[in-house]
Amino acid sequence: RSATDRYLQILAHAHDADPERFAHVLQVSGRKRVYFATNREEIARSGKSTHPHKIPGTRFWALTNADTEQKKDLLARALRQLGYPNSAIREAVRALN
């Protein structure tokens, strides 16, 4: 599996653990780019070559055109928004290697 596949699977697992709270990841964004959204178009409009992918088993989408280091940062930020402890965040981020 690629880092992108693992990234999406970890996000899907976080969604499954608490579907009601998962919308908090929508607060993770950049100056111009939208990293998480409820539709593909919102991410696609935020920049060139965003490569939005649906987070499996959810209604949410994630930008995937980021290098592995940026995906690690985005994953950490998303999990922090969801209230995960630092130890769980570190473990999830390591799984992207």
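Helices α1 (3-17) and α3 (68-81) are among the elements that cover the buried residues of α4. Buried means under 20% relative accessible area, exposed over 50%, and partly exposed in between, with a 1.4 Å probe and protein chains only. Helices (H or I, at least four residues) and strands (E, at least two) are DSSP runs, numbered from the N terminus. This is a predicted model: local features need pLDDT of at least 70, side-chain atom pairs count only at pLDDT 80 or more, and totals for chains, interfaces and linings use all residues. Residues are numbered from 1 along each chain as its sequence is written, and side-chain values use heavy atoms, with hydrogens and water left out.

**Helix α4**
- Ile-89, Ala-92 and Val-93 are buried in α4 (residues 86-94).
- Seen down the axis, the buried residues of α4 fall within an arc of 100° (directions from the helix axis to the C-beta atoms), so they line one face of the helix.
- Glu-91 and Arg-94 are exposed, on the face of α4 turned away from its buried side.

**Aromatic pair**
- The structure holds 1 aromatic pair.
- The ring centres of Phe-22 and Phe-60 are 5.0 Å apart and the planes stand at 65°, so the pair is edge-to-face.
- Rings of Phe, Tyr and Trp (its six-membered ring) pair if their centres lie within 6.5 Å; planes under 30 degrees apart count as stacked, over 60 as edge-to-face and the rest as tilted.
- Phe-22 and Phe-60 are both buried.

**Arg-59**
- Arg-59 sits in the loop between β2 (52-54) and β3 (61-63).
- Leaving out residues up to four places away in sequence, Arg-59 touches Ala-37, Thr-38 and Lys-54 (heavy atoms within 4.5 Å).
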